[in-house]
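Here's a chain to get your eye in on.

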Amino acid sequence: MDRRSPTTRMHALLESLLAEHQDLRRLVTLLDRQPSLHADAAAPDAGLLVDALFYLTRFPDVTHHALEDRIAERLLARHALDPDLCAEIEAQHARMARQGLDLMRDLEGAMRQESMSSELVTSNIRLYAERLRHNMAFEELALFPAAARSLDDDDWQAIGPRAQRDTPDPLFDSNVQQRFAQLHRAISAESGCGCDLPRT
Ligand SMILES: [Fe+2]
């Protein structure tokens, strides 16, 4: 029996966002710990770096962050979230979306040895990953507790239908896209889970 009060019971959407944070942290950890992941076409595992960035910049930006923005806006409308905190979360998402696209362009240039140095691009990618880690911690301290505390069923109904995803997570859901199969195996190996099973 769930002994928590209805006002603090975590909604399924919040639970799924937290599970996605755990997945994203595994990816960020891989970027931190893989010294061979340099933005250099000749470097071992260079393809993993491309896949990791492609995933980070395309999937979380269009699904995960968009849902969090809707939760923040709902909390703001209910006067349950400080406007400065709401603005900061949305600004973090907008900045990561913008910088992610820039990084993809810089990465492609560096791998063709046309523009920025591979060392600088690699450093910028890790900075981007660190910003993502900070964003998740920020949300878990400010956004998720406020949502668990303040949103009722009507709020989640208003948020939920638009939160339904047309496309599953291509890296962590049960059917890993072929493009991300190697990255998925690398994350599983790095996390030492002893398995190659996606999140269910
Ligand atoms: Fe998040």
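Which residues of helix α6 are buried? Keep in mind that you're looking at a predicted model. In α6, which covers residues 181-191, the buried ones are Leu183, His184 and Ile187. Look down the axis of α6 and these buried residues fall within an arc of 100°, so they line one face of the helix. There's a simple rule behind patterns like this: an α-helix has 3.6 residues a turn, so residues three or four places apart point the same way.

Now zoom out. The chain has 6 helices and 0 strands, so to speak in symbols, its elements run α-α-α-α-α-α from the N terminus on. Of its 200 residues, 31% are buried. Take the contacts between residues at least 6 apart in sequence: 72% of them join residues at least 24 apart.

Next, pick out helices α3 (residues 83-111) and α4 (residues 118-150). They pack at an angle of about 160°, and their axes are 10 Å apart. An angle over 145 degrees counts as roughly antiparallel, and α3 and α4 are therefore roughly antiparallel to each other. The crossing of α3 past α4 is left-handed.

Who's touching whom? On the α3 side, the contact includes Leu85, Ile89, Met96 and Leu103, while α4 brings in residues including Val121, Ile125, Tyr128 and Phe138. Sorted by class, the contact looks like this:

| Class | Residues in the contact of α3 with α4 |
|---|---|
| Nonpolar | 13 residues |
| Polar | 6 residues |

Key
Residues are numbered from 1 along each chain as its sequence is written. This is a predicted model: local features need pLDDT of at least 70, side-chain atom pairs count only at pLDDT 80 or more; totals for chains, interfaces and linings use all residues. A residue is buried if 20 or more other C-beta atoms lie within 10 Å of its own, exposed if 12 or fewer, and partly exposed in between; C-beta atoms are placed from the backbone. Helices (H or I, at least four residues) and strands (E, at least two) are DSSP runs, numbered from the N terminus. The arc is that of the directions from the helix axis to the C-beta atoms. Axes are lines fitted to C-alpha atoms, for helices over the stretch in contact, and angles run from 0 to 180 degrees between N-to-C directions. Angles under 35 degrees count as roughly parallel, over 145 as roughly antiparallel, 65 to 115 as roughly perpendicular and the rest as oblique. A crossing is left-handed if the near helix is turned anticlockwise from the far one by less than a right angle, and right-handed if clockwise. Two residues are in contact if their C-beta atoms, placed from the backbone, lie within 7 Å. Ala, Val, Leu, Ile, Met, Phe, Trp, Tyr, Cys and Pro count as nonpolar, Asp, Glu, Lys and Arg as charged, and the others, Gly among them, as polar.
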